[in-house]
Amino acid sequence: RDLGAVQSPQNAFYLNLGLQSLDVRVRRHNSNALKVAQWLEGRPEVKWVCFPQLENDPDHAKQQKYLPEGTCGVISLALKGGREFAHNFMDALRLITIETHVADCYTCILHPALHTHRQLTDEQLLEAGVKPDLIRFSVGLEDPQDLIADLKQALAKI
């Protein structure tokens, strides 16, 4: 009561319900993301992929030391071809949703330079620590082969 708003009992119940399965969900997010990141890493349309569990990632040794059971379901990547290519790619996705969520049950993708930070120039993006070609990809609980199939068909359309 001294610090402001308090959750309603129903919202507290929902939060607790979600926390009960968090361990299982995080493991699935992580294993799905690793499979998707490995697939993305080998694609000619992909400029770079950042996921600490990939052996070529600069933070792989830290991940092995501090998070040996895995990280999370978030992958950072960039596609060759710039903003227009990224925009067309994301519009072609059918299963993966363009949203700002992270660690949701379903897979979400976002291009900050086109969405949340679209008012900034490339120079301002870099000052804010956001690469203009960055795509944030939060892998959900779907079958990773379904996600890869959606990525593949979207890349084929552009």
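1. Let's start with a term you'll need: a residue is buried under 20% relative accessible area, exposed over 50%, and partly exposed in between (1.4 Å probe, protein chains only). Keep in mind that this is a predicted model, where local features need pLDDT of at least 70, side-chain atom pairs count only at pLDDT 80 or more, and totals for chains, interfaces and linings use all residues. Residues are numbered from 1 along each chain as its sequence is written, and side-chain values use heavy atoms, with hydrogens and water left out.

2. Now for the charged pairs. A salt bridge here is a side-chain nitrogen of Lys or Arg within 4 Å of a carboxyl oxygen of Asp or Glu, and the structure has 5 of them. One of these joins Arg 43 to Glu 45, at 2.9 Å from N to O. Arg 43 is partly exposed, at 22%.

3. Have a look at Lys 47 and Asp 133, whose closest N and O atoms are 3.0 Å apart in a salt bridge. Lys 47 sits in strand E1 (residues 46-50) and Asp 133 in the loop between helix H5 (122-127) and strand E5 (135-138), so the pair ties together parts 86 residues apart in sequence. Helices (H or I, at least four residues) and strands (E, at least two) are DSSP runs, numbered from the N terminus. Asp 133 counts as buried, at 15% relative accessibility.

4. Strand E5 has partners too; two strands pair if DSSP finds at least two bridges between them. E2 (residues 74-79) pairs with E5 in the antiparallel sense over 4 bridges, and Ile 75 stands opposite Phe 137.
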